[in-house]
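Dear colleague,

I am handing over the model we spoke about, with the sequence and the coordinates together below. My notes on it follow, beginning with a single residue and widening from there to the chain.

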Amino acid sequence: MKISVIAVGKTATSYISDALSAYLKRLSHYVETTLTEIPDVRGQRTPEAQKTAEGEAILRALRPGDAVVLLDERGREMTSVEFSSMISKRMSSGLKRLVFVIGGPYGFSREVYDRADMMLALSRMTFTHEMVRLFFVEQIYRAMTIMRGEPYHHV
């Protein structure tokens, strides 16, 4: 199985970009993981038009058969161990690609919500989109180490 993280907008902060690269490199020892940045379409658009345009780009990045998980404040909260178990079950199911999507500042279009298999909340708190990428990629790495029984995650 492959894991893909799709995020709206660029990671412009250098220390976040460096940390993302470090975790993606660590993840390469466990599972092929990619981060795809969808251009953000801010400008002269209404929030609804922005969600629609971003949603179209997100949907174009998806493939038939992908399991799609949206990071959404209304999603299910999980512990790191529960998250690891969810990924492990997906890996065992023969799934080819598990896609996590981090939306723009206004969330997702209805079409993206309709395509999703699950919604996951990283926290009930609000973070910048750049920080969410870093926190979430770290959680994927943590999930892999939990699956392998490695000491990165302390219980």
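Asp66 is buried, with a relative accessible area of 7%, where buried means under 20% relative accessible area, exposed over 50%, and partly exposed in between (1.4 Å probe, protein chains only). This residue lies in the loop between helix H2 (47-61) and strand S3 (67-77), helices (H or I, at least four residues) and strands (E, at least two) being DSSP runs numbered from the N terminus. Leaving out residues up to four places away in sequence, Asp66 touches Arg97, Val99, Arg115 and Asp117, with contact meaning heavy atoms within 4.5 Å.

Before going further, please keep in mind that this is a predicted model, in which local features need pLDDT of at least 70 and side-chain atom pairs count only at pLDDT 80 or more, while totals for chains, interfaces and linings use all residues. Residues are numbered from 1 along each chain as its sequence is written, and side-chain values use heavy atoms, with hydrogens and water left out.

On the overall fold, the chain has five helices and five strands, and from the N terminus on its elements run β-α-β-α-β-α-β-α-β-α. The radius of gyration, taken over C-alpha atoms, is 15 Å, which agrees with the value near 15 Å for a compact globule of 155 residues, the globule rule being 2.2 Å times the number of residues to the power 0.38. The C-alpha trace spans about 50 × 35 × 25 Å along its principal axes. Buried residues make up 46% of the 155 residues, and of the contacts with a separation of 6 or more, 84% are between residues 24 or more positions apart.

Strand S1 (residues 2-8) is mostly covered, since six of its seven residues are buried. S1 pairs in the parallel sense with strand S4 (residues 97-102) over six bridges, and also in the parallel sense with strand S2 (residues 33-38) over six bridges; two strands pair if DSSP finds at least two bridges between them. Ser4 stands opposite Val99 in S4, whereas Val5 has Leu35 as its bridge partner in S2.

Met1, in the segment before S1, is partly exposed, with a relative accessible area of 27%. Leaving aside neighbours within four places in sequence, Met1 is in contact with Val31, Ile87, Arg90, Met91, Leu95, Lys96, Arg97 and Leu98. Met1 and Thr126 are 125 residues apart in sequence and 30 Å apart in space, C-alpha to C-alpha.

Two further buried residues may interest you. Leu70, found in strand S3, counts as buried at 0% relative accessibility, and among the residues that Leu70 touches beyond four places in sequence are Val101, Phe108, Val112 and Tyr113. Leu70 and Arg133 are 63 residues apart in sequence and 13 Å apart in space, C-alpha to C-alpha. Thr145, which lies in helix H5 (residues 129-147), is buried with a relative accessible area of 1%, and its contacts, with neighbours within four places in sequence set aside, are Tyr30, Glu150, Tyr152 and His153.

With best wishes
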